[in-house]
Amino acid sequence: MAYFIQDDLIYTIVGYVWAGIGGTFSVVIMLSLFWKKFHGKAALITIIVGMLFTITWISTGMDEIITSRIMTFVVAGVVAVGGTYFFPDVEK
């Protein structure tokens, strides 16, 4: 519906939500389901970096060059894998 309504604010907000939440949480969900090394610290870092990256990417106008939906997914994936290895889970 946001696409058909001629209000740029609604479309922008929906874009933030799809890029930020969709791109970030899809990586977290996929890795938590299919990778046993992925843990809570890496998921939290991925969520924070994904949201901050989305806001920065769209605010700087880079969304006109490459869509934030793709870039957030890529950056969240790299941060998730890097965070898993850089902050290892301490098992008790």
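**Figure 1. Aromatic pairs in the predicted model.** This predicted model holds 3 aromatic pairs. One of them joins phenylalanine 86 and phenylalanine 87. The two ring centres lie 4.8 Å apart. The ring planes meet at 85°, so the pair is edge-to-face; the cut-off for that class is over 60 degrees. Phenylalanine 86 is exposed, at 63% relative accessible area. Phenylalanine 87 is partly exposed, at 36%.

**Figure 2. The whole chain.** The protein chain has 3 helices and 0 strands. Its pattern along the sequence is α-α-α. The C-alpha trace spans about 55 × 25 × 15 Å along its principal axes. The chain counts 92 residues, and 29% of them are buried. Take the contacts between residues at least 6 apart in sequence: 68% of these join residues at least 24 apart.

**Figure 3. Helix 1 against helix 3.** Helix 1 covers residues 8-34, and helix 3 covers residues 68-86. The two pack at an angle of about 35°. Their axes are 8 Å apart. The crossing is right-handed. On the helix 1 side, the contact is made by Gly15, Trp18, Ala19, Gly20, Gly23, Thr24, Ser26, Val27, Met30 and Leu31. Helix 3 contributes Ser68, Arg69, Thr72, Phe73, Ala76, Gly77 and Ala80. By class, the contact has 8 nonpolar, 8 polar and 1 charged residues.

**Figure 4. Helix 1: length and buried residues.** Helix 1 has 27 residues, which should span 39 Å at 1.5 Å a residue. Its end C-alpha atoms are 38 Å apart, which agrees. The buried residues of helix 1 are Gly15, Ala19, Gly20, Gly23, Thr24, Val27, Val28 and Leu31.

**Figure 5. Helix 3: length and buried residues.** Helix 3 has 19 residues. From first C-alpha to last, helix 3 reaches 25 Å, close to the 27 Å expected at 1.5 Å a residue. Its buried residues are Ser68, Met71, Thr72, Ala76, Val79, Ala80, Gly83 and Thr84. Helix 1 and helix 2 are among what covers them.

**Figure 6. Threonine 54 in helix 2.** Threonine 54 sits in helix 2, which runs over residues 40-59. Is threonine 54 buried or exposed? Threonine 54 is buried: its relative accessible area is 1%, and the cut-off is under 20%. Leaving out residues up to four places away in sequence, threonine 54 touches Tyr16, Ala19, Gly20 and Thr72. Ala19 and Gly20 are also among the buried residues of helix 1. Thr72 is one of the buried residues of helix 3. Ala19, Gly20 and Thr72 also take part in the contact of helix 1 with helix 3.

**Figure 7. Lysine 37 in the loop.** Lysine 37 lies in the loop between helix 1 and helix 2. Lysine 37 is partly exposed, with a relative accessible area of 49%. Which residues does lysine 37 contact, leaving aside its neighbours within four places in sequence? The partners are Thr84 and Tyr85. Thr84 is one of the buried residues of helix 3. Glycine 22 is 15 residues from lysine 37 in sequence. In space the two are 22 Å apart, C-alpha to C-alpha.

Terms used:
Residues are numbered from 1 along each chain as its sequence is written. This is a predicted model: local features need pLDDT of at least 70, side-chain atom pairs count only at pLDDT 80 or more; totals for chains, interfaces and linings use all residues. Side-chain values use heavy atoms; hydrogens and water are left out. Helices (H or I, at least four residues) and strands (E, at least two) are DSSP runs, numbered from the N terminus. Buried means under 20% relative accessible area, exposed over 50%, partly exposed in between (1.4 Å probe, protein chains only). Contact means heavy atoms within 4.5 Å. Rings of Phe, Tyr and Trp (its six-membered ring) pair if their centres lie within 6.5 Å; planes under 30 degrees apart count as stacked, over 60 as edge-to-face and the rest as tilted. Axes are lines fitted to C-alpha atoms, for helices over the stretch in contact, and angles run from 0 to 180 degrees between N-to-C directions. A crossing is left-handed if the near helix is turned anticlockwise from the far one by less than a right angle, and right-handed if clockwise. Ala, Val, Leu, Ile, Met, Phe, Trp, Tyr, Cys and Pro count as nonpolar, Asp, Glu, Lys and Arg as charged, and the others, Gly among them, as polar. The expected span of a helix is 1.5 Å times one less than its number of residues.
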